[in-house]
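Reader: Hi! Could you walk me through this one?
Author: Happy to, here it is.
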Amino acid sequence: MPRWVVGVVVSAAVGCVRPSLVNPADHLSFAFEARPTWGEVRVVPVLAVHHPVELNLDSYLGAALPHHRQSVRRARTRELAEVPDALARALPGEVNGRLGLAWRGQFRSHHFPSGAYHHVADALTGQRPDLTAVLGNAARAVGGEATLFSWVRQLEGEPLSLRGFPGEVIQTSAGPVVLDHEDEPYLVTARVGMALVTRDGEVVLRYEDTYDAILSGREGAADAGRTLAHALAEEVVMVWATDPRLQAWGSP
C-alpha cells in the first residue's frame, strides 16, 4: 500500500532525530519500523480524547419524537460512549488472531503510570507537539517488553432513522441496514489509532484511520468496538514485524 511505502521513507529520514525533539512523523497518521517485539506487551486503557457524544432527538419528518423513541435514543447515546472501551478490549485479540503463531508475544492488561495518561492525551489532542517522545516516555514508565496504546480522537453516531421510513433498506459505509424506528440503529464513525512502543521508548508501529460500525439493539457497544478493532487490526498486522531474523537487531 502506498501509505506504508511512504512511511518507510519517512521513518528512515527521522531515525537520527533525538527523542527530545519534535519528530516530523508526529504529523503523519502512520509510522513503523522493522523491529520485532517479543515477550510481554502491556495494554493500557484506551485514550478517549474525542468530544463528548451528543444526544440527537431529530426525526425524519421533523416532528417531535415520541417519548419511547427518545428513551431508545438516550440508550444508544450511552452505548456510543462505551465504544472506545470496547475497542480497546477487542484490539489485542484481533491483532493476536491475525498474527497467529508468527508472533511470539503476549498481551497483558496494565494501567497508566501517574500522569502518563494526561501527557499522552495532550499530545494526541495537539496540546503538546511531541507525540513520539511522549509515547516513548510513557512506555518506559509502563514497563514490559513493549506497550500497546489505543485511542479514539473522533466519535460520532448517526441515528439511521433520520434517513427514511421504517422497513426501508439503506446502504451505509458499514453495510446495508433495515430501518427500524423502534430499535434505532446508529451508524458509528470513529477516528481510531494505536501505537506499539518498546520498553526503550521506540515507536515501532503507529497507525490511525477512520472506520465505521453499526450500533443497535442487536449489535451493542461490544460488537461495534470489535468491528472497529477488526478493521484497525487488519491494517496494522500487515507491517507488524514478526521475522525472527530481525530479533537480534531489534533487541534494546
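Reader: Where does Val177 lie?
Author: Val177 lies in strand 7, residues 175–178; strands are DSSP E runs of at least two residues, helices are H or I runs of at least four, and both are numbered from the N terminus. This is a predicted model, where local features need pLDDT of at least 70, side-chain atom pairs count only at pLDDT 80 or more, and totals for chains, interfaces and linings use all residues. Residues are numbered from 1 along each chain as its sequence is written, and side-chain values use heavy atoms, with hydrogens and water left out.
Reader: Is Val177 buried or exposed?
Author: Val177 is buried, at a relative accessible area of 8%. Buried means under 20%, exposed over 50% and partly exposed in between, using a 1.4 Å probe and protein chains only.
Reader: And what does Val177 touch?
Author: Leaving aside residues up to four places away in sequence, Val177 touches Leu160, Glu168, Val169, Ile170, Thr172, Pro185 and Ile214, a contact being heavy atoms within 4.5 Å.
Reader: Switching to aromatics, how many pairs are there?
Author: Rings of Phe, Tyr and Trp (its six-membered ring) pair if their centres lie within 6.5 Å; planes under 30 degrees apart are stacked, over 60 edge-to-face, the rest tilted. By this rule there are six aromatic pairs. In one of them, Tyr60 and Phe165 have ring centres 5.0 Å apart and planes at 85°, so the pair is edge-to-face.
Reader: How exposed is Tyr60?
Author: Tyr60 is partly exposed, with a relative accessible area of 36%. Phe165 is partly exposed too, at 41%.
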